[in-house]
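Trainee: I have a model open and would like to learn how to read it. Can we go feature by feature?

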Amino acid sequence: MKLCDLMRLFAPVRPICEPGRIVDADDLATLHAHAFRHGWPATEMEALIADPAVTTVVAREGRTPFTRRPVGFVMVRAAADEAEILTVAVAPSRRGRGIGRLMMDETIRRLYFMRVAALFLEVDESNGPALALYRRLGFREVGRRANYYDGGTANALVMRADLK
């Protein structure tokens, strides 16, 4: 075996993005519960994945297709030429490694081919890493929802990115 083959064998596995599947529902519910105070149950994940208006992008890590496990996901609902991000979650142990950016890039690419012109989202105004990512992706603040999160103690920023 050559040295370059050994290096590839022990190199860190890069995540890949794939469409979400019904069989992912339990894993996505677990990821969501770790990311948010009020997680969504697997039944809700199943319903969203099955919804034709919802696009689910899942970041997976693993050396083979059979060992790849979800480490993050994005769910987006499209209507006409607009879409709204329903949720974004990354496993706590994988945050800060570019997985959110990878998933968002793939999601935006898919929406572009669906001819979506504008993408909206809501984010807790105190979530610095998420705000930095969204701003790098071209999102801008277009509104604010007072006392939207944490039982009415945290504000949400409404953000928009033009995709065309």
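This is a predicted model: local features need pLDDT of at least 70, side-chain atom pairs count only at pLDDT 80 or more; totals for chains, interfaces and linings use all residues.

Trainee: Where does N147 sit?

Mentor: N147 belongs to strand β6, residues 140–149. Look at its backbone too. N147 is not a glycine, yet its phi is positive, at about 55°.

Trainee: Is R115 buried or exposed, and why?

Mentor: R115 is exposed, because its relative accessible area is 60% and the cut-off for exposed is over 50%.

Trainee: Now a polar side chain. What does the side chain of N127 lie 3.2 Å from?

Mentor: First, the setting. N127 is in the loop between β5 and α5. A relative accessible area of 32% makes N127 partly exposed. A polar atom of its side chain lies 3.2 Å from the backbone nitrogen of A130.

Trainee: How far apart in space are N127 and G143?

Mentor: The C-alpha atoms of N127 and G143 are 16 Å apart, and the two residues are 16 residues apart in sequence.

Trainee: What about a charged residue in a strand? Why is E61 called buried?

Mentor: E61 has a relative accessible area of 15%, so it is buried; the limit is under 20%. E61 is found in strand β2, residues 54–61.

Trainee: Which side chain joins that of E61 in a polar contact?

Mentor: That of R94, in a polar contact of 2.5 Å. Beyond four places in sequence, E61 also touches other residues, including V13, P15, T67 and I99.

Trainee: Next, the interior. What is the general idea?

Mentor: Nonpolar side chains tend to be buried together in soluble globular proteins. Here the largest nonpolar core has 28 residues. Those with the most contacts inside this core are I85, M104, L119, V123, Y134, F139 and M159.

Trainee: Which elements supply at least two residues each to this core?

Mentor: They are β3 (69–79), β4 (82–90), α4 (99–113), β5 (118–124), α5 (128–136) and β7 (154–162). Helix α4 gives the most, with five residues.

Trainee: What is Y134 in contact with?

Mentor: Set aside neighbours within four places in sequence. Y134 then contacts V88, M104, L121, V123, F139 and M159.

Trainee: Let me follow M75. Where is it, and how buried?

Mentor: M75 is in strand β3. M75 is buried, with a relative accessible area of 0%. Its contacts beyond four places in sequence include L28, W40, M45, L48 and I49.

Trainee: Last, helix packing. At what angle do α2 and α3 pack?

Mentor: At about 115°, with axes 8 Å apart. The helices are α2, residues 25–35, and α3, residues 42–50. Their crossing is right-handed.

Trainee: Which residues meet there?

Mentor: A25, D26, L28, A29 and H32 in α2 meet A42, M45, E46 and I49 in α3. By type, this contact has six nonpolar, one polar and two charged residues.

Terms used. Residues are numbered from 1 along each chain as its sequence is written. Side-chain values use heavy atoms; hydrogens and water are left out. Helices (H or I, at least four residues) and strands (E, at least two) are DSSP runs, numbered from the N terminus. Buried means under 20% relative accessible area, exposed over 50%, partly exposed in between (1.4 Å probe, protein chains only). A polar contact is a pair of N or O atoms within 3.5 Å; within protein, one must be able to donate a hydrogen and the other to accept it, and residues adjacent in sequence count only if both atoms are side-chain atoms. Contact means heavy atoms within 4.5 Å. A nonpolar core is a set of buried Ala, Val, Leu, Ile, Met, Phe, Trp, Tyr and Cys residues joined through side-chain atoms within 4.5 Å. Axes are lines fitted to C-alpha atoms, for helices over the stretch in contact, and angles run from 0 to 180 degrees between N-to-C directions. A crossing is left-handed if the near helix is turned anticlockwise from the far one by less than a right angle, and right-handed if clockwise. Ala, Val, Leu, Ile, Met, Phe, Trp, Tyr, Cys and Pro count as nonpolar, Asp, Glu, Lys and Arg as charged, and the others, Gly among them, as polar.
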